[in-house]
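Hi,

Here is the structure I promised you.

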Amino acid sequence: MALLALAIVGIAALLAAATVSSAGCDEAGSLTRETYLPDGSARARYFTLYLPPCYEISKGTYPLLILLHGSNADDKQWLRLGFIKALEAAIQSGASPPMIVVLPFGDAIANENYFGGVGYDSLLIDQLDHVQQRYRSDGRTAIGGISRGGFWAYHVGLRFPGRFVAIGGHSPFFDPIHVEPRYNPLELARSQDLGADTRLWLDRGSRDFAADGVDQMHVILRDRDVDHQYVVYRGAGHDEASWERNIPDYLAFYSAALMDSPPYNSQAERRTETGKELWMPAAAFAALQTSIGRDQLDAMLAGGFDRQLILSESAALRLREHGIELHGDTRIVEDENLERQLWRDKLNFTLLPFDELRLRLRPLWLDGKAVVDQIDDYPLIFDSGAPNYHEGSLTRITLSGTTAIARQTRTAIDAIGVEAAASGIRDYVSASDYFHVTNEAPLADSCPQFNDKVLGGANSLCMKREHASLFDILNVDVVDLTGNHINDFGYDAFEDTLMLFEETGMKIVGGGRSRDDAGKPLILSHNGNNVAWLACNAIGPYYALVNEDPSALGGLRPGAAFCDRAWLKDNLPVLAAQNDLVLLTVHYQEFESYTPTAGQRADFRAFAEWGADVVIGTAEHKPMTFEFYGTRRGETAFIHFGLGNLYFDQSFWGNKRFFLDTLYVYASKLVAVELFPGVIDDQARPRLLVDDDQFNFLHYMMIQQNGF
């Protein structure tokens with residue numbers, strides 16, 4: 001009892017500085033610690049209770065908020081964080097409704113994985129019943145918790161969804177093997193019928209040890225199209241200092257939910273407008289082809305046999321419903337075996353609905369042109385009551401590797417002209433919504449003559465001003481300035497280069513006049529898709545990197561953003577929480593290899609773990625292998641370790657071959673990656689590889705090097 005008295009005194013002291021009178025009310029809210037005896041228990045339980053201003057003299061009813069503490073804490077944790085102080089101020093201003101707040105003391109049982117009869121979950125439900133019977137609750141109830149308390153909030157909230165209008169998890173601890181599936185919040189989120197009117201909140205810090213589980217919950221809810229708010233706080237950890245800074249956000253979430261305002265709009269509620277069902281030719285990502293012929297497709301649809309075609313059972317059935325009868329000998333496999341069969345024989349392909357595209361399947365062209373660019377004259381698009389394609393929901397981003405219009409490439413373009421230099425890829429890259437170039441060579445008025453400002457020595461690169469028109473002809477949208485040669489001709493040359501791209505309306509990523517400019521994410525908002533793009537240089541040299549410290553080697557200078565690991569670890573998860581897709585392009589150490597080193601593989605995987613959905617190496621002079629990397633958050637990241645050269649003067653077999661990767665982002669998701677395998681002719685004209693050259697290159701990269 002003495003300890004209880006001291007606890008009450010302590011609670012009163014915490015509240016004393018926080019009391020704020022409600023507008024039109026002369027008294028503050030009240031805070032007490034109470035006991036109750038759960039049904040069937042011989043042991044009393046404690047909880048701290050907050051009643052809003054004028055509760056005793058009013059006759060109204062109030063919403064109820066239950067906030068659970070973390071491990072090794074108690075019912076004073078939310079008081080220490082300043083929640084009640086913030087709540088009273090918000091009630092006074094009208095930003096929050098007056099509410100009853102219950103802060104249970106979990107004691108040891110809150111850290112035990114007992115469920116049902118004697119578990120903490122049943123005690124919480126019993127306590128909720130007790131408070132609702134004794135105090136004037138209006139039936140609107142929200143529950144939230146910190147860390148282990150966040151686990152319990154989601155466990156109880158998902159098991160009893162009809163009882164709560166909101167569930168909040170603040171650095172909640174989730175783990176797939178923490179408890180058996182039927183009680184695990186991660187599994188409950190996969191299996192439960194989640195009400196559309198229940199608001200959900202998840203947050204964590206970028207340096208939070210609970211990050212993996214929180215991210216897994218976010219992915220599960222997102223993939224089920226369940227509305228939820230997901231926030232990652234930059235630089236925050238798993239500690240009270242971090243949670244205290246976030247109290248205004250937590251209070252705003254619970255206040256909105258308990259004000260009985262309508263739920264926020266669901267992404268899942270967006271409706272397509274065209275009523276079209278689109279089917280695509282597709283193959284294994286590692287397939288040894290990029291296209292099928294229109295004559296070949298027409299023959300199949302007319303009932304001709306194609307030994308390379310494999311269909312899933314459901315696809316064959318749906319095509320019949322559209323009046324298409326394929327040849328009786330067409331190979332048909334169970335739906336779950338389709339991908340496996342395509343990967344087994346990389347000469348085969350399939351026809352499938354657009355919404356069944358996925359990363360390990362690659363869309364094929366028709367007669368060397370993307371299907372989505374010839375919809376008006378395409379036979380596999382139907383009017384449908386279950387549409388799956390709306391052109392206003394698709395964003396295509398094409399990425400390329402090293403471009404340096406310098407040395408022999410500069411001389412070759414002088415000879416053939418920029419129009420000819422662009423002619424081999426112009427039609428393809430112009431079809432994308434965004435075409436990206438990694439520019440290595442700065443503009444220099446003295447180019448190709450060296451001067452006293454040259455920093456790169458005999459290997460310095462520069463570009464003539466007249467050659468910059470190549471970027472306009474190719475309709476370049478995004479210029480990546482992370483190259484290690486970008487300051488070779490001095491900082492003024494970089495400024496001139498930057499100014500040229502800015503004046504022509506091109507977007508810049510990875511470089512700038514200041515550290516903030518260079519490290520600022522490029523946000524592409526297009527057709528309802530939000531893509532956050534970071535770019536950085538992992539290797540230097542020092543003079544290529546932006547610097548704001550006058551005492552540092554080389555002094556103040558513009559330049560490329562450095563791939564500082566702490567910066568990436570803090571920013572990638574924040575961008576992932578705020579956008580549909582996170583793209584990271586990296587100027588990594590250059591290797592004369594088609595496969596990554598162990599260090600490169602580990603770094604690119606780490607970037608994916610921190611939040612990048614796509615990681616692309618832009619500096620490698622040889623095309624490199626791919627990886628579909630399964631992250632701990634439950635997503636698959638697409639990693640391409642190196643694209644190879646696009647415009648460069650290296651004439652070795654591997655150094656003049658390259659990939660262009662085109663990302664298909666549809667309805668806020670990366671659904672596929674299209675490949676353009678190319679070769680540089682005469683050091684200045686990149687073009688598509690065709691026929692045996694394409695087959696041999698894909699076979700070499702996909703099977704011999706990648707091991708697919």
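Arg360 has a relative accessible area of 33%, so it falls between the cut-offs of 20% and 50% and counts as partly exposed. This is a predicted model, by the way. The side chain of Arg360 meets that of Glu339 in a salt bridge, 3.2 Å from N to O. The two are 21 residues apart: Arg360 lies in the loop between β13 and β14, and Glu339 belongs to helix α12.

There are other charged pairs to look at, as the count comes to 36 salt bridges. One joins Lys622 and Glu592 at 2.4 Å, N to O. Both sit in loops, Lys622 between β27 and β28, Glu592 between β26 and α20, 30 residues apart. Lys622 is buried, at 10% relative accessible area, whereas Glu592 is exposed at 52%.

Asp377 pairs with Arg294 (3.7 Å, N to O). Asp377 is exposed, with 55% relative accessibility.

Now the sheet. It is open, with 8 strands in the order β1-β2-β4-β3-β5-β6-β7-β8 and mixed pairing. β1 (30-36) and β8 (229-233) are the edge strands, and the twist averages 20° from one strand to the next. Helix α3 (residues 83-93) packs on the sheet, where it touches β2, β3 and β4, and its direction makes about 25° with that of β2. Helix α4 (residues 120-134) packs on the sheet too, at about 155° to the direction of β3.

Cheers

How values were computed. Residues are numbered from 1 along each chain as its sequence is written. This is a predicted model: local features need pLDDT of at least 70, side-chain atom pairs count only at pLDDT 80 or more; totals for chains, interfaces and linings use all residues. Side-chain values use heavy atoms; hydrogens and water are left out. Two strands pair if DSSP finds at least two bridges between them. Helices (H or I, at least four residues) and strands (E, at least two) are DSSP runs, numbered from the N terminus. Axes are lines fitted to C-alpha atoms, for helices over the stretch in contact, and angles run from 0 to 180 degrees between N-to-C directions. Contact means heavy atoms within 4.5 Å. A salt bridge is a side-chain nitrogen of Lys or Arg within 4 Å of a carboxyl oxygen of Asp or Glu. Buried means under 20% relative accessible area, exposed over 50%, partly exposed in between (1.4 Å probe, protein chains only).
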